[in-house]
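Open the model in your viewer and get your selection tool ready.

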Amino acid sequence: MASLHPATAAPPPRHSLAPSLPASSLSWSASIAVSRIPPPPRLALHSPAPPHGPGSRQNSLVVCAAWTRRSRGEAAERPNRKSWKQRTDMYMRPFQLNVFFSKRFVHAKVMHRSTSKVIAVATTNAKDLRLTLPSLVDENACRTIGRLIAERAMDADVFAMAYEPKKNERIEGKLGIVIDTIKEHGIIFV
């Protein structure tokens, strides 16, 4: 009969951590200690209680993963939550080019996206351009706006910017001329 007093109790049997192969083995696997510790018990994924009554629902999963993609139902519950790209894009590409074409003028500005500060502005409605350009909306005016935006952005130590076209907008025509002129004057588009 085993004694219940801790000082006189027999020590529990120790699990051997020595390798199972003889010590003279030259195999690399012989140097790895073999663990005889039993694996931890598995988590129960189903609730142990059966459903009560014929019409009751049973929540089958008890354990949920902490970091998973949102399911469609979860996305439908919170439709206004932005994606990871939408939340981090303003910090990855902080300077954005905005170009607006009206019937009479061409406007362009470079903004810092997170602070909404305007870094550089150029418009054909400015007094010096209105008096010198023959037309305020043609391709020559677009080249002038692109050159001015590039110079003013470089003066403000901005050498890279992004342009995001609107939904059905193509980068061609006057918009393409403005962007190409900015690229030719040393600005990188990211």
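In which sense do strand 1 and strand 2 pair? Select residues 95-101 and 106-112: these are strand 1 and strand 2, and they pair in the antiparallel sense over seven bridges. (Strands are DSSP runs of E with at least two residues, helices are runs of H or I with at least four, and both are numbered from the N terminus; two strands pair if DSSP finds at least two bridges between them.)

Before moving on, note that this is a predicted model, where local features need pLDDT of at least 70, side-chain atom pairs count only at pLDDT 80 or more, and totals for chains, interfaces and linings use all residues. Residues are numbered from 1 along each chain as its sequence is written, and side-chain values use heavy atoms, with hydrogens and water left out.

Now pick Phe100, whose bridge partner in strand 2 is His107.

Next, select Asp89 in helix 2 (residues 84-92). Its relative accessibility is 11%, so Asp89 counts as buried (under 20% relative accessible area, with a 1.4 Å probe and protein chains only). Show side chains: that of Asp89 makes a polar contact with the side chain of Arg113 at 3.2 Å. (Here, a polar contact is a pair of N or O atoms within 3.5 Å, one able to donate a hydrogen and the other to accept it.)

Finally, go to helix 5, residues 173-184. Its buried residues include Leu175, Ile179 and Ile182. Just after helix 5, click Gly186, which takes a positive phi of about 100°.

How values were computed:
Buried < 20%, exposed > 50% of the residue type's maximum accessible area, 1.4 Å probe, protein only. Expected span 1.5 Å × (residues − 1).
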